[in-house]
Amino acid sequence: MSPVTHLSCVRCGRHVVAGRAWTCPACGPADGILDIHYDLDRARRTLTRDTLSRRPLTHWRYRELLPIDDAFIPDTPIGWTPVIEAPRLAAALGVRRIRLKDDGRNASASFKDRASSVGVAHALQTGFREIACASTGNAASSLAHCAAAAGLACNIFVPQMVPEGKLAQLLAYGARVFKVRGTYAQAYDLCTQACERFGWYNRNCAVNPYLVEGKKTGGLEAAEQIADDPPDWVAVSVGDGCTIAGIFKGIEQARAVGLTGWSARMLGVQAAGVAPIAELGRALWCRYSAGEKEPGVTGRKPVTQDTGYKPVPQDLKLPACNGTTYADSINCPVPRNWRKALAAVHGSGGAWGTVSDEQIMEAVRETGRLSGVFAEPAAAAVVAGVAEARRAGTLGGDADVLIFMTGNGLKDTAGALRAVGQPHDVLPELADVARIVESEAHR
Ligand SMILES: *Cc1c(COP(=O)(O)O)cnc(C)c1O
Ligand SMILES: [Zn+2]
């Protein structure tokens with residue numbers, strides 16, 4: 001039996017019956033992103049620390065809060081990634097404590113496995129034989145992995161600029177890959193059209209509310225893993241906005257069902273060149289500070305009741321964005337899930353930050369050196385964002401921060417090499433090695 005009660009529109013609050021539509025009929029596919037609601041009273045009865053202690057260490061352990069019927073819950077080992085204490089990184093960033101939740105250790109090496117695995121399970125549950133998505137990389141490689149593991153045919157639309165490591169993953173997992181001669185937006189539209197024409201399940205996070213539920217397990221896990229010693233802040237890098245919205249919802253639902261008393265403040269980090277959500281978030285904060293009344297809770301039942309999301313004004317418009325960033329996984333000039341991301345950060349009493357590509361490159365280097373976690377640029381961006389938030393005074397010296405490391409550095413070795421420098425070229429002679437060791441002795 002499905003634990004889902006209904007869906008609601010994050011813009012207007014209207015309720016939608018599960019399975020009836022993927023976006024709000026009143027607000028349309030661009031604006032009417034839906035959110036999924038659960039029977040939390042029922043979940044609370046079986047999702048306890050005691051029952052969890054007997055379940056496998058994968059993200060499927062939270063099935064009461066996933067939109068998948070029990071019969072379609074697979075046993076693929078997604079999630080339950082480690083939380084790593086990083087004291088030297090904390091000292092370098094000037095905060096009291098840093099823990100890294102290393103989601104680069106997922107099966108396809110990114111956080112996206114959480115969403116893709118739920119997407120594949122939902123596709124099978126609803127009778128699809130093929131699945132598709134448009135992506136600059138991790139969403140695609142994780143979908144190709146999850147589809148291959150489940151025996152579902154997979155179609156991927158990528159733009160021209162896709163890092164080789166990610167492309168190799170797609171082909172190795174046996175996906176049919178369309179490299180689109182055009183922009184990411186064009187690849188996205190083409191994928192949507194193909195899904196309609198050929199009857200494929202559409203994995204794109206924008207229109208598919210089920211995927212954010214997969215991302216929610218990052219927050220549920222964090223809440224369970226560090227429930228008794230929780231941080232004040234949770235920092236996440238933001239592209240489309242689904243990841244931060246999902247993680248926040250997970251933490252809030254862990255609290256709603258009584259797994260923890262913790263409630264985190266969310267720090268959303270975007271690349272300075274591609275920061276439409278962060279800009280909108282800051283503008284909204286200015287409007288409220290200037291005395292504008294915040295919108296009330298809309299809809300028949302409060303939309304915020306079980307998610308912690310705080311509705312933002314319906315008339316908000318995303319600013320146009322012409323910039324770019326080297327962190328390909330968060331290079332989203334037209335993010336689709338910005339409203340949910342804003343509602344999450346605002347609902348948490350959180351903040352937004354932006355970082356330059358130079359800061360991201362420095363973070364790739366420093367994170368690896370000071371914590372032993374090799375992060376792809378989009379993941380390292382969040383570390384740069386924590387440094388920036390500390391400088392701006394958003395974080396105090398006493399801050400305790402959990403940072404989501406969303407992707408592994410091996411995904412994009414060309415990008416990493418731009419950040420980390422070159423090896424020493426030596427002759428096969430000890431004297432040559434000694435020359436370098438001695439010249440660096442002062443370091
Ligand atoms: C997708 C992705 C993000 C951002 O997630 P959104 O849902 O697009 O905000 C961050 N880091 C990595 C490595 C990603 O692949
Ligand atoms: Zn609506």
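How many residues line the largest pocket, and which of them lie nearest its centre?

## The largest pocket

The lining is made up of 27 residues, and T136, M161, T324, D328 and N331 are the ones nearest the centre. Here a pocket is an open set of points on a 1 Å grid over the protein atoms alone, where a 1.4 Å probe fits, with protein on both sides within 12 Å along at least five of seven lines; lining residues have an atom within 4 Å of a point. Two elements give two or more residues to this lining: α8 (184-198) and α15 (413-420). The largest share, three residues, comes from α15.

## About the model

This is a predicted model, in which local features need pLDDT of at least 70 and side-chain atom pairs count only at pLDDT 80 or more, while totals for chains, interfaces and linings use all residues. Residues are numbered from 1 along each chain as its sequence is written, chains are lettered from A and ligands numbered from 1 in the order in which they are written, and side-chain values use heavy atoms, with hydrogens and water left out.

## Helix α6

Let's look at one helix. Helix α6 covers residues 138-150 and spans 18 Å from first C-alpha to last, close to the 18 Å expected at 1.5 Å a residue (the expected span is 1.5 Å times one less than the number of residues). Helices are DSSP runs of H or I with at least four residues, and strands are runs of E with at least two, numbered from the N terminus.

Ten of the 13 residues of α6 are buried, so the rest of the structure largely encloses this helix. Buried means under 20% relative accessible area, with a 1.4 Å probe and protein chains only. Among the buried residues are L143, H145 and C146. The buried residues of α6 pack against α5, β6, β7 and α7, with contact meaning heavy atoms within 4.5 Å. Just after the helix, G151 has a positive phi of about 75 degrees.

## Nonpolar cores

A nonpolar core is a set of buried Ala, Val, Leu, Ile, Met, Phe, Trp, Tyr and Cys residues joined through side-chain atoms within 4.5 Å. In the largest one, with 75 residues, I131, I156, V234 and M266 touch the most other members. Helix α10 (residues 242-256) supplies the largest share, seven residues. A second, separate core has 41 residues, including I330 and V355.

## A buried asparagine

N202 sits in strand β9. Its relative accessibility is 9%, so N202 counts as buried. Residues touching N202 include W22, C191 and V207.

Key. Buried means under 20% relative accessible area, exposed over 50%, partly exposed in between (1.4 Å probe, protein chains only). Lists of a residue's contacts leave out its neighbours within four places in sequence.
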